[in-house]
Amino acid sequence: MNKTIIFLALLISIVFIHLGHCAKARTDSLQAENVQFQKDNDRLRDVIMNKQSLMKASPVDLVKEYMIVINQIRLVESYNGTIMHVQLEEGIKNADNLSKHFIETEYKGVKGLNIQITVDQIAKSLDLGEILNDFYLLEMNTDLKILEIQKQANSLIVKGKIYGI
Amino acid sequence: MRYFLFNKEVYLSEGGTVRLLEKGSDLKSFVGDMDLARACVVDVDIIITAAPENPVEKKDSVLVRKFKQLYQNEAYIIQDEKIDHNLFQVIGIKEQKVREIYSILPPQKLESVVPYGIALRNILIQKKCDLGKPLVFIDDLEKERLITVFDGLKFSRTRIMAKGSESLLPEIKRSVMDFFKKIEEFTSHKIVDYVVMVNDQDLAQEILNDENKLNVHYLDVQYPAIEGLKELSTDISYKLPEEIIKNKRRSVLKKNLTSVLVSLGVIAAGLIYFLFNKGPLCAVSNQGEVISQTNQRLNQELATLDKAIYRDDLKRQKLLNYGVSYLSLLQCIPSSYELSSFKFYKTAYWNFEASFLVNPREYFEPILISGNFKNSQVKDFYMDNRPGKRIKIIYE
């Protein structure tokens with residue numbers, strides 16, 4: 001009887017010790033998580049502080065911004081006779097639903113759309129420098145960010161990302 | 001401490017003197033307000049028997065059965081002591097006698113009750129008497145003589161002789177013979193080879209006069225059993241059955257209480273360990289909650305802010321005019337080269353890589369651009385049987 005009582009007490013004690021171990025392990029894990037969260041919070045505070053100096057403006061709908069970029073390209077085409085075509089980076093030329101191709105960006109809550117502009121033909125009156133300058137202006141006038149410009153053989157390919165919400 | 005010797009009369013030792021308390025006297029009045037007492041009893045029955053030492057329950061059962069076979073008419077309280085491997089001396093005192101003693105001396109005041117033989121053996125050991133040989137001890141009391149035979153730890157039932165009744169020698173011989181008859185299967189000693197010890201010098205001389213071949217010794221202790229009680233070294237003590245049950249109950253209760261306390265202690269240790277770790281967990285968990293909420297709030301704040309500032313931030317990143325960069329590089333390239341390919345790409349900074357090939361039948365001239373561009377590298381290469389220069393510029 002006494003042995004049973006002591007045995008049961010030992011069992012209960014072992015359960016408590018096990019629970020204690022679990023609690024300790026959980027505490028260590030939570031502490032590590034907290035340190036990580038705290039570091040992230042500090043980083044976020046710094047980022048917010050740095051970004052607060054930037055000029056605030058209303059965000060633009062991404063589909064609308066895409067259309068603006070396309071219009072600008074058409075304007076450049078009509079203006080200097082260069083022929084370009086635009087497609088989404090995955091090679092899709094005429095997407096029915098653009099929102100399917102939206103991706104996350106470095107800005108929280110702001111979406112991105114990767115596009116690729118291929119210059120098929122450069123007008124004879126222009127040189128590459130002027131075309132590149134047109135892309136610079138396109139970038140400055142829209143929410144397009146150029147990521148890469150590559151000229152190889154007779155083709156000029158520009159890759160970029162359009163931002164919006 | 002007082003010491004009692006219970007025979008037909010009772011001997012009481014207190015403060016160094018021994019008194020004989022006559023039968024019928026009011027013994028309780030002698031006990032009075034005494035502290036503690038020890039007593040020895042002359043009237044005991046003994047058997048030597050073999051029994052397995054383990055388990056204890058089996059040993060007890062064998063010893064009780066064998067004792068009862070011999071002394072079945074009366075109720076005894078028996079105790080045993082180990083004599084050798086699987087050999088025990090079982091000593092019984094009539095329950096009536098024990099009750100009589102406890103009626104005079106209350107249990108709480110009586111520290112131990114032992115057989116006379118054990119008390120006597122104790123003093124013999126203390127006086128360094130040789131118990132390796134059979135020994136007959138004659139205790140010369142006031143009114144009687146007590147004859148006890150020893151063989152090692154074994155001892156006989158004490159024979160009581162009234163003083164002046166008959167010659168002592170035949171009684172000694174009879175005692176020895178009786179004892180050796182009882183223990184013959186458990187001893188290697190011979191009856192003829194024994195020592196007689198007497199605590200009275202005249203009596204010792206008297207025995208020698210009767211039988212000068214006997215080896216007679218004198219022990220200068222007037223009341224050896226009472227002296228033997230003073231420094232007892234035995235676990236044997238006779239108690240009343242109800243007292244034994246009471247003690248057993250008390251012992252069981254104590255055991256149970258100890259078990260409960262140990263169990264509670266064990267549980268408490270586990271619980272303390274658990275609480276010791278649970279406390280910090282709650283604190284860290286609460287702290288984590290606060291940090292997590294702050295993180296959520298900051299993320300929301302950043303999301304709102306990002307939506308508001310992303311256009312301005314994008315503008316600030318658009319610092320490189322690709323056209324100007326391209327044309328600036330072309331100005332540094334001699335006319336003997338033609339552009340093969342170029343690439344603007346972004347890592348941490350904007351990179352501009354351009355490859356130029358030498359026109360056919362033109363010189364492979366050096367290109368010096370380091371003055372115009374801070375971070376630039378020019379490397380030679382060879383393609384389609386034409387040498388060329390590959391230029392890399394980093395816009396930091």
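Start in chain B of this predicted model by selecting residues 76-84, strand β6, together with residues 87-94, strand β7: the two strands run antiparallel and are joined by eight bridges. For one facing pair, pick B:Q79, which sits opposite B:I91 of β7(B). Then move to the turn of this hairpin, where two residues separate β6(B) from β7(B). B:N86 is in that turn, and its phi is positive, about 55°.

Next, zoom out to where the two chains meet. Here 54 residues of chain B are in contact with 58 residues of chain A. On the chain B side, color α8 (241-317), α9 (322-332) and β15 (337-346), the elements that each give two or more residues. The largest share, 42 residues, belongs to α8(B). If you color this side of chain B by residue class, you will find 27 nonpolar, 16 polar and eleven charged residues.

Last stop: A:T105, in the loop that runs between β2 (103-104) and β3 (111-121) of chain A. Leaving aside residues up to four places away in sequence, A:T105 touches A:V110, A:K111, A:G112 and A:Y163. Finally, draw a C-alpha to C-alpha distance from A:T105 to A:G164: 9.7 Å in space, for residues 59 apart in sequence.

Terms used: Residues numbered from 1 in each chain as written. Chains lettered and ligands numbered in written order. Predicted model: local features only at pLDDT ≥ 70, side-chain atom pairs only at ≥ 80, totals over all residues. Pairing = 2+ DSSP bridges. Helix = DSSP H or I, 4+ residues; strand = E, 2+ residues; numbered from the N terminus. Contact = placed C-beta atoms within 7 Å. Nonpolar A, V, L, I, M, F, W, Y, C, P; charged D, E, K, R; others polar.
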